[in-house]
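This report sets out computed features of a single protein model. Please view the sequence and the structure together while reading.

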Amino acid sequence: MGLLNPFNLVWLLSVGALIAIYMRSRSRPTLEVSSLMLFDERTAPMVERGRLRIDLLFWLEAAALGALTLALAGLYMRGGGPASRVKRHALVFDLAASMGARENGSSRLADARREAMRIVASASPADQFCVIGYALEPQQLKPWSADRDGISAAIASLRPAAVALRPAALTAALMQARDADQVELFADRIPAGAAPDAIAGRIKFHQIGASDDNVAIVSLDPGTPGSRRGRCLIRNFSSRPKVCELVISADGREAMRSPLVIPPRTQSVEIFGPLMAGGLIEARILQSDALEADNRRYAWAQSNRPVRALVVSADAAVRDDLARVLLAVNENFVITAIDPAHMQSVLTDSGEPFALVAMHELDDPRIRTAARVLIFPRPGGEVVVTATLGASELQTVAVGTQDTAGGVTPAPLAHPLLLGMTRVIAPPESMEVLAQGAGPGRTGSIALAAAGRNASGRLGVIAFDVRDHLLLDPDRLDALVLVVEMLKSLAAPDGLQIVSTGSFVPIPVSGRAQVTAPDGSRFDLAAERSGIARLRPMLAGRYTIESPGHVESVYANYYDAEESDLAVKPASFRRAESGDNLGLADRMSTSRVQPLTGALLMVGLAAFLAESALLARRAWMGRGYRHV
């Protein structure tokens, strides 16, 4: 506690005056003697020095004056009462793919919206709400507000995305809601450790969903047209057998139709083909189930038409290794492998442009090609090279999907891979870094592989040297996988990309482009300074990007083993045991100032009343008017 105005303590001098009055009155005692004045008082003779005796009246008067002085000085204390009657509610929604699952004609997210609307309708008109969604990252869709129309509109605008939930996104969303008195969380599952202990005690979890009825296409391998059969992997996440019909189409023409009976909680591999021709391959499950996003998948099958590829290197062993890798990417490549000393024959070739060119320690933009990959590039070329290292260590790789879908997911290697000589490159903004590592004597990570587009077409860069049969070394398969996935993406047809939902897709545009999403909605996409726009597909299906002089098609695939499994599991939050789980209103209530003026005035008044009662009692008992 403390004093709001310490200068008012000057009123304590009244207590000092009271003490002085009592000491003076007791310093000269009087006696009653006989006289013509009946009874009069005379100063008593001082026989001996006595002890000052203070009676109850003094203490009552001192208490009254002290209480009044403290009341005037503003004595206060910190109380625990509520700082405000306005209550804050944070409405937090899971917007990942599983919340789009349909049960009894309604989606899980629709059920969550209805329950949230009931909470808003039953709250006090002064209560405030905010709306937060999360999937890949948190989004504050409506800041704190008491506007019921705005809150209702924000809840009604919620839509699920065809992406998997990131536990870090839930944690970040709950931290955004840390100022709430009550956190209303609407989700069908809670990842372990996603809720911070500081607010776990204020979370009310509304678990949505009951059904586990879902069949998903896990992967699609189109095979090789005319030679190798394709495979489609389907998984039943339901607790009972499921009957479905699988259709495989190639460039819009049906290639296979097969009815399936899949036992509960198992998967089935369907083999088809070989296909007669390459192109866009689509696998579809015709029957509707709870989750539609994973019932369709796209892949690209290389054409069985021979296409030209070029390998340029001064090292004959490197030329041989790269030719083997290119044939593994596309069996229909007709590969020309030459030494840079004989480049003139390639530059004067008037035939069809090369579909792909792999150049080792060389960068010659004069070669006519739609896609190039530069391996261990020399300084002074198109890609900036700042240094050359004697060795490097591969640590993080963007690993391509197993089914040639084209999507990439960055992931650290279980064990870092030692590489040979490496260039330190500075990729331009139009390129995505696909692999990172470390070098001796350098702080921070360095880019070891990057891919993207420039004005001349698709471009990939491998910063490390591939001499000494590095790509064929069984102990360094991660390097081979990295190169193969990059070559696959570069060999894909121009104007078409197959990616995973939630990934950033580089799109070459001039100015602004208009995007048509799978649900028919349209929005604009602006290019960066490099002439590349980045699209992040959040729905499964086809996106069409139209810009002046160019049309791009992006096919987004969705599948996640955790998210596609719709089985609802019990979840709860551990309540924090300390006082660290207090909300903002709780923290404000602990520091609220509560003046004690009223209580002190009551104490002073009570002291005066007690003194009056005591004086009246003495007068009534005949002690004389002098004591009143």
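The sections below move from overall content to helix packing, cores, cysteines and individual residues.

## Basis of the model

The model is predicted; local features need pLDDT of at least 70, side-chain atom pairs count only at pLDDT 80 or more, and totals for chains, interfaces and linings use all residues. Numbering starts from 1 along each chain as its sequence is written, and side-chain values use heavy atoms, with hydrogens and water left out.

## Overall content

The protein contains twelve helices and 37 strands. Both kinds of element are DSSP runs numbered from the N terminus, with helices being H or I of at least four residues and strands being E of at least two. Of the 628 residues in the protein, 46% are buried. Here buried denotes under 20% relative accessible area, exposed denotes over 50%, and partly exposed lies in between, computed with a 1.4 Å probe on protein chains only.

A contact requires heavy atoms within 4.5 Å. Among the contacts in the protein with a separation of 6 or more, 67% are between residues 24 or more positions apart.

## Packing of α3 and α4

Helix α3 (residues 108-122) packs with helix α4 (residues 148-156) at an angle of about 170°, and their axes are 10 Å apart. The α3 helix is therefore roughly antiparallel to α4. The axes are lines fitted to C-alpha atoms, for helices over the stretch in contact, and angles run from 0 to 180 degrees between N-to-C directions. Angles over 145 degrees count as roughly antiparallel, under 35 as roughly parallel, 65 to 115 as roughly perpendicular, and the rest as oblique.

On the α3 side, the contact is made by Arg113, Ala116, Met117 and Val120, and on the α4 side by Arg148, Ile151, Ser152, Ile155 and Ala156. By class, this contact has six nonpolar, one polar and two charged residues. In this classification Ala, Val, Leu, Ile, Met, Phe, Trp, Tyr, Cys and Pro are nonpolar, Asp, Glu, Lys and Arg are charged, and the others, Gly among them, are polar.

## Nonpolar cores

A nonpolar core is a set of buried Ala, Val, Leu, Ile, Met, Phe, Trp, Tyr and Cys residues joined through side-chain atoms within 4.5 Å. The largest such core has 42 residues, of which Val373, Leu394, Leu419, Ile462, Phe464, Met486 and Leu487 touch the most other members. Helix α9 (residues 477-491) supplies the largest share of this core, eight residues.

Which residues does methionine 486 contact, leaving aside neighbours within four places in sequence? They are Val373, Leu434, Ala449, Ala450, Ala451, Gly460, Val461 and Ile462. A second, separate core of 20 residues includes Ile338, Leu362, Ala447 and Val461.

## Cysteines

Zero disulfides are found in a search of the whole structure, a disulfide being a pair of cysteine sulfur atoms within 2.5 Å. For cysteine 232, the closest cysteine sulfur is that of cysteine 244, at 9.6 Å, which is too far for a bond. Cysteine 232 is buried, at 1% relative accessible area, and cysteine 130 is buried at 0%.

## Backbone features

Glycine 273 and proline 274 are joined by a cis peptide bond with omega of about 5°. Proline 274 is placed in the loop between β16 (267-272) and β17 (279-285).

Aspartate 251, a residue other than glycine, has a positive phi near 55°. This aspartate sits in the loop between β14 (242-250) and β15 (253-262) and is partly exposed, with a relative accessible area of 44%. Arginine 265, also not a glycine, has a positive phi of about 55°. The loop between β15 and β16 holds arginine 265, which is partly exposed at 40% relative accessible area.

## Selected residues and their surroundings

Histidine 206 belongs to strand β11 (residues 203-207) and counts as buried at 7% relative accessibility. Not counting residues up to four places away in sequence, histidine 206 touches Glu115, Ile119, Glu184, Leu185, Phe186 and Ala187.

Methionine 77, in strand β4 (residues 75-79), is partly exposed at 37% relative accessibility. Its C-alpha is 7.4 Å from that of leucine 596, although methionine 77 and leucine 596 are 519 residues apart in sequence.

Alanine 355 lies in the loop between α8 (343-347) and β21 (356-360) and is partly exposed, at 29% relative accessible area.
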